[in-house]
Structures are given as C-alpha cells and as structure tokens.
Amino acid sequence: MAERRPGARREVILRAAAELFAVRGFHGVSIEDLGRAVGTSGPALYRHFAGKEALLAAILLEVSERLATAGRSRAQAAEGPEQALAALLRGHIDFALDEPALITVQDRELENVPEAERRRIRRLQRGYVEQWVAVLALLRPGTAEEILRAALHAVFGLLNSTPHSAGELARDEMAALLFSMAHAALLPSMGD
C-alpha cells in the first residue's frame, strides 16, 4: 500500500474547496458539497477543519504565506533590484496563471474569514506588497512610497485578472504579455 505524505489529504481538501468556492461562492457551497468533492462525507471534514469558515481561512492563510515566503526568497536570491523585480513578477505571474481559483476566492471571500485570521491574512498581504515596494524603491529612487504602493496595487490588479483573461492566449504568450505590461507600468521610461 502506498504511503501518504503528511498533509496530503489536507492539501486535496484545500484545493477542492478553493475550486468550489471560486465557482459557486462561499455561501453557495455546503459542507456536504465539500465532502463529496473529495470523496468523503461532509461531517468527515471536521476531522481536518472546525468548519467551512476555518477551511476558507486555511486556504487564504496558506496562499498568503506561500506568496510572502516565495517573494522573500526570490528577492533575496536576485543579484540586484532589476533581477529581483523580474523574479517577483515571474513568480506572481506563475501563481496567477496556475491558480486562478485562489485569486477569485481571495478577491471575493476574504470578508467571510473570521476576524483574527483575516487580520493575519491582511498582515501577510501587506508584507508581500512591502517586499515589492522595497525592490521598486531601489529602481525608482525619489519616488514616494505611497506612489510605489499604488502602482503595485494597480499591477496586482492586472496580474490577478487571469481568471478573466488567461484563456485568450497560450500560457507562455499570456505570461510574456503580463510580464511586459507589468514591467512597463512599474518602470516607465524616463521620458514619460
């Protein structure tokens, strides 16, 4: 019999729940729907999560932690700020293209997360943005941080539009398009 790695069942549940929440919305999915999606009963999910809200919180905490950790690693491994920005962009584009359900859930369902977990998610998200601000500040010296932050939020809107736009082109073409658009928005030419 094959040995399951620890947490594999939890990951399956999180992924299935994210897909269902993205398609039908948090309130449109029952605990029984979630159980069926992973081949078990709804009440069996209570062995893994205290309830539907805890499951939603786990989804959003996991993705926020993963983005923050990966972003920090990419920025630290880069040879300079230009390479750090490129690595951050490519990492976020990969996430946006590969996991559009998570983007949809994060965009629509954060208010359904219990307050304590929502604060943690927001803190992680702010930390992720600040990683980008630090890199961008090196590339655009003298630009006020609030302008950099606003530009980054606009670029995240562009990158996170993939649930609506990614089907238009092949993945590699879409990734290249998103990269060039985001890069141009964050580092406009000096003459502009």
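**The core.** I started inside: the largest nonpolar core has 59 residues, where such a core is a set of buried Ala, Val, Leu, Ile, Met, Phe, Trp, Tyr and Cys residues joined through side-chain atoms within 4.5 Å. F21, L34, L60, W132 and L186 have the most contacts inside this core. Two or more residues each come from helix 1 (8-24), helix 2 (31-37), helix 3 (52-77), helix 4 (81-98), helix 5 (100-109), helix 6 (115-139), helix 7 (145-159) and helix 9. I count as buried anything under 20% relative accessible area, as exposed anything over 50%, and as partly exposed what lies in between (1.4 Å probe, protein chains only).

**A note on the source.** This is a predicted model, in which local features need pLDDT of at least 70 and side-chain atom pairs count only at pLDDT 80 or more, while totals for chains, interfaces and linings use all residues. Residues are numbered from 1 along each chain as its sequence is written, and side-chain values use heavy atoms, with hydrogens and water left out.

**F21.** I then asked which residues F21 is in contact with, leaving aside its neighbours within four places in sequence. They are F26, V29, L34, K52, L56, I59, V105, R108 and E109, with contact meaning heavy atoms within 4.5 Å.

**Helix 5.** V105 and E109 turned up again here: both are buried in helix 5, along with A101, L102, I103 and T104. The buried residues of this helix pack against helix 1, helix 3, helix 4 and helix 8 (162-165).

**The whole chain.** I found nine helices and zero strands, both taken as DSSP runs numbered from the N terminus (helices: H or I, at least four residues; strands: E, at least two). Of the 192 residues, 42% count as buried. Among contacts between residues at least 6 apart in sequence, 70% join residues at least 24 apart. The C-alpha atoms fill a box of roughly 60 × 35 × 35 Å, taken along the principal axes.

**A record.** I looked up UniProt, where an unreviewed entry lists residues 7-67 as "domain: HTH tetR-type"; such annotations may be inferred rather than shown by experiment. Over residues 7-67 the chain is 66% helix and 0% strand, and the end C-alpha atoms are 19 Å apart.

Last, I visited L177 in helix 9 (residues 171-186). Why does L177 count as partly exposed? Because its relative accessibility is 35%.
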